[in-house]
Amino acid sequence: MPADSKNKTELRNLPSVDSILQTDTAKLVENKFGRDKTLNIVRTAIDRIRDVAASNGMQSKEAAIAEIERYLQRALSSESKHRIQRVINATGIVIHTNLGRSPLSEAAVASISAASSYCNLEYDLETGARGRRGRQAEKLLAEITGAEEALIVNNCAAAALLVLSTLAKAGEVIVSRGELVEIGGDFRIPDVLEQSGAKLKEIGTTNRTKLTDYERAISSETKLILRVHPSNYRITGFTETPELSDLAALAHKHDLPLFEDAGSGMLVDLAEFGLGDEPLIRSSIDDGADIVSFSGDKLMGGVQAGMIVGRKVLIQRLRKNPMYRALRVDKLAYAAIEATLSLFAQGTAFDEIPVMRMLSISDEDLKKRAVSFVEKASAAKSMKIEIIDGNSAIGGGAAPGVMLPTALIAIEHAKLSANEFASVLRSLEPPVITRLADDKLLIDLRTVAESDEEILLKSINDAA
Ligand SMILES: *Cc1c(COP(=O)(O)O)cnc(C)c1O
């Protein structure tokens with residue numbers, strides 16, 4: 001038989017689209033993706049079999065169907081991996097940017113759930129007239145920080161953009177060279193300034209900037225003095241920067257506003273947990289900053305948002321800028337922020353906000369939890385499992401040098417490399433994200449909710 005007619009005979013073994021659509025796997029795929037996408041996937045799978053057959057010869061019909069079903073399975077599991085889903089953060093990095101920064105408090109979750117229905121977002125229940133959106137959240141924010149007024153936007157980057165374009169457009173903004181930082185995710189101070197239409201006036205040096213440097217730079221063009229908290233980066237050694245209160249006095253002497261981009265958003269003093277370098281928002285206001293901005297999902301433990309607090313006349317100007325309309329947050333964000341701020345106002349933040357709870361657990365308590373975890377890990381027989389001293393990290397671009405002492409559970413799998421073991425744990429439901437060091441898998445219970453320990457334990461034991 002000539003080669004191409006042999007091929008034709010063999011290609012009869014190629015399953016039809018219809019026959020594949022009858023398989024259980026294809027039905028699962030169709031349930032998930034709908035008819036059109038399923039047809040596309042099935043056709044692609046059949047084309048692949050045909051291509052392989054052209055060079056290697058055709059396999060049996062049954063083998064071809066089995067192969068196509070495996071292809072469909074992979075399409076399903078890849079879809080489920082890319083879907084946004086809850087994961088267990090066993091890395092010990094508290095504000096883990098890649099894992100969604102802050103886990104929310106139960107109160108915030110309940111508030112989001114309530115607001116997801118119709119809600120009084122812009123409706124005054126007393127008068128039945130239109131109300132101001134975000135009013136309660138902003139009122140709480142002002143009270144907690146001791147500011148005259150507050151405004152909430154989409155994130156801290158949006159806050160900086162709104163403040164600079166409202167207060168400094170077409171004028172000069174004075175910034176120390178030591179504060180021209182990049183905060184990750186493409187937030188670069190010089191670029192934000194450029195976008196806002198303000199001109200950057202850099203002063204001082206990378207490591208030292210004096211009050212007199214600021215004073216000399218002030219001219220009739222100056223619109224604002226900007227202080228940026230370097231967040232994810234520290235200069236140590238021979239350094240100098242003026243106190244915020246001195247900078248405020250200088251700004252006010254020249255009738256200029258002082259804007260501090262504080263970043264991490266510390267609402268209660270966390271110095272005893274190593275966070276003494278982070279600006280306490282209330283202190284910044286007390287020290288005379290006219291506007292302070294920070295993120296809602298870093299140390300505050302809420303959702304992505306840019307919190308702006310400061311003087312009433314300035315905040316009113318921000319609110320009137322048409323750009324605010326494009327940067328404002330939605331009802332779910334207000335709901336979460338309002339609930340989160342209420343916990344600070346009530347004084348229960350350390351008990352109820354996960355980020356605050358995780359930062360404040362002592363290493364003794366973590367050790368106790370680790371010991372009891374390891375005792376229950378029946379898997380320990382096929383794994384070398386031990387507890388070692390280590391550190392957790394704050395993460396989220398805050399407090400880079402701060403190490404929180406912790407007890408790490410270090411595991412060596414009998415058969416799998418640490419990398420392979422980590423990949424197995426990531427494939428579970430819910431996926432477990434771990435740390436790796438020296439070919440050991442490390443688990444830090446600091447960032448694992450106590451209610452999740454059972455699930456984590458089962459995951460480890462199952463993977464043994
Ligand atoms: C994190 C951070 C930002 C960016 O905040 P987002 O809320 O992620 O936009 C801006 N400035 C400083 C100083 C920060 O630490």
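A170 is exposed, with a relative accessible area of 66%; residues count as exposed over 50%, buried under 20% and partly exposed in between, using a 1.4 Å probe and protein chains only. This is a predicted model, in which local features need pLDDT of at least 70 and side-chain atom pairs count only at pLDDT 80 or more, while totals for chains, interfaces and linings use all residues. Residues are numbered from 1 along each chain as its sequence is written, and side-chain values use heavy atoms, leaving out hydrogens and water.

Let us stay with A170 for a moment. Its phi is positive, about 65 degrees, although A170 is not a glycine. You will find A170 in the loop between α8 (156–167) and β4 (172–176). Here helices (H or I, at least four residues) and strands (E, at least two) are DSSP runs, numbered from the N terminus.

D439 also has a positive phi, near 55 degrees, in a residue other than glycine. D439 sits in the loop between β13 (435–437) and β14 (440–444), and it is exposed, with a relative accessible area of 53%. Another backbone feature to look for is the cis peptide bond between E429 and P430, where omega is about -5 degrees. P430 belongs to the loop between α19 (418–426) and β12 (432–433).

Now step back to the whole protein chain. It holds 20 helices and 14 strands, and its C-alpha trace spans about 95 × 55 × 50 Å along the principal axes. Of its 464 residues, 47% count as buried. Among contacts (heavy atoms within 4.5 Å) with a separation of 6 or more, 74% are between residues 24 or more positions apart.

E453 takes us to helix α20 (residues 453–463). E453 is buried, with a relative accessible area of 11%. Leaving aside neighbours within four places in sequence, E453 is in contact with R369, F373, L445 and V448. With R369, the E453 side chain makes a side-chain to side-chain polar contact of 2.6 Å. A polar contact is a pair of N or O atoms within 3.5 Å; within protein, one must be able to donate a hydrogen and the other to accept it, and residues adjacent in sequence count only if both atoms are side-chain atoms.

Next, a pair of helices. Two packed helices are described by the angle between their axes and the distance between the axes. Helix α6 (residues 106–115) packs with helix α15 (residues 331–346) at an angle of about 145 degrees, their axes being 8 Å apart. These axes are lines fitted to C-alpha atoms, for helices over the stretch in contact, and angles run from 0 to 180 degrees between N-to-C directions. On the α6 side the contact uses A107, A108, S111, I112 and A115, and on the α15 side K331, L332, A335, A336, A339, T340 and L343. The residues of this contact comprise nine nonpolar, two polar and one charged. In that grouping, Ala, Val, Leu, Ile, Met, Phe, Trp, Tyr, Cys and Pro count as nonpolar, Asp, Glu, Lys and Arg as charged, and the others, Gly among them, as polar.

Finally, the ligand. The residues around it are R101, N155, C156, A157, I183, F187, H229, S231, D261, G263, S295 and K298, each with a heavy atom within 4 Å of the ligand. An N or O atom in the side chain of S231 is 2.5 Å from a ligand oxygen atom. For S295, a polar side-chain atom lies 2.7 Å from an oxygen atom of the ligand. In the side chain of K298, an N or O atom is 2.8 Å from an oxygen atom of the ligand.
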